[in-house]
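Student: I am new to this structure. Can we go through it by question and answer?

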Number of protein chains: 2
Amino acid sequence: MERPELGYLLTRLLRTAMAREEPILANAGLRMWDYAVLSALTENAAPTQAQLAAATGRDKTRLIGNLDQLERLGLVTREPDPADRRNRVVSLTAEGRRILERCRADIREMEDDLLRDVPPGDREAFERVLTRLVDPLD
Amino acid sequence: MERPELGYLLTRLLRTAMAREEPILANAGLRMWDYAVLSALTENAAPTQAQLAAATGRDKTRLIGNLDQLERLGLVTREPDPADRRNRVVSLTAEGRRILERCRADIREMEDDLLRDVPPGDREAFERVLTRLVDPLD
DNA sequence: AGAATAAGTAAGCATGCGTAGACGATACAC
DNA sequence: GTGTATCGTCTACGCATGCTTACTTATTCT
């Protein structure tokens, strides 16, 4: 058998990774996109929702539902920017940061388990290549 | 910044890999699923379409459209199994094999280009890990 | 006052998937 | 033979996703 193609391998692996990630997020009341949006707020709050949409690659109109959900769970706040009250500044709440960190830890644990049979050197190379390939796409 | 998550990296990378693969397949008149189905016929012909559907993970009813397209292009044949004429044996034609090999070569070339900046050792480790992670999922 | 922008809301359209029911052709058990 | 089951096919439906468009509201800027 020939070496399988990248697309095939990546599709398969991504599918299982997502399948394992979903219950972790569901446990916190989150869907994939909710988590992606939440994650994008780690570094700093988003000055406008349009900017947040652009940063996450989420459609502007679909982002709203995610923010609704995150707000409902008390993980983020949407507050009018005092400087320009048309804008809504989206920030993590303390609870939001707590949940985010917990998800991150759980996901990390899941990944460790997924990669448990991979020799450390190979794992490092694997992550190095992944990061390198993705980086220049920014 | 923390190490990015596997899910994130895989999603990004898969997206670009697919984006680069699509035109190659379109060049042969194929969509992703057409190619996946075609590819599944490399080793041996599929004794029944139901089996082919199972092998590719494609829904039984959706497979039909792919086979129609592949047949239209003269890449596969659907012939009643003499032993049980309810079954249709799906096989590659000579042209089908030719196109398949051409796509494979083009895709391989695309992958080489995608990975051109990755040191050979890392690349080997990368592919080794990918294969290893996907393998036990069967 | 009037134009422009941000957020929210809704509607329409396209895609893709899976399910279910019906059909004809065929096979098989009795 | 007759009845039952299976295979491939087709059609119709429901579901989820996503993009585009347009309209409303609040707010800002000129």
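**Chains and DNA**

Tutor: In this predicted model, residues 3-135 of chain A are 65% helix and 8% strand, with the end C-alpha atoms 25 Å apart.

Student: Which feature does UniProt place at residues 3-135 of chain A?

Tutor: The record is an unreviewed entry.

Student: What is the area buried between chain B and chain A?

Tutor: On the contact count, 40 residues of chain B meet 40 residues of chain A. Carbon and sulfur atoms give 64% of the buried area. That area is about 4400 Å².

Student: Which helix gives the largest share of the side of chain B that touches chain A?

Tutor: There are four salt bridges between the two chains. Helix 1 (6-26), helix 5 (94-114) and helix 6 (120-134) of chain B each supply at least two residues to that side. The largest share is twelve residues, and it comes from helix 6 of chain B.

Student: How far is a phosphate oxygen of DNA strand C from an N or O atom in the side chain of Trp33(B)?

Tutor: Trp33(B) is among the closest of the 18 residues that surround DNA strand C. A pair of N or O atoms within 3.5 Å counts as a polar contact. For Trp33(B) and the phosphate oxygen, the distance is 2.8 Å.

Note on methods:
Residues numbered from 1 in each chain as written. Chains lettered and ligands numbered in written order. Predicted model: local features only at pLDDT ≥ 70, side-chain atom pairs only at ≥ 80, totals over all residues. Heavy atoms only, no water. Near = heavy atom within 4 Å. Polar contact = N/O pair within 3.5 Å; in protein donor to acceptor, adjacent residues only side chain to side chain. UniProt positions renumbered as here; feature names shortened; annotations may be inferred. Helix = DSSP H or I, 4+ residues; strand = E, 2+ residues; numbered from the N terminus. Contact = heavy atoms within 4.5 Å. Buried area = accessible area lost by both parts, 1.4 Å probe. Salt bridge = Lys/Arg side-chain N within 4 Å of Asp/Glu carboxyl O.
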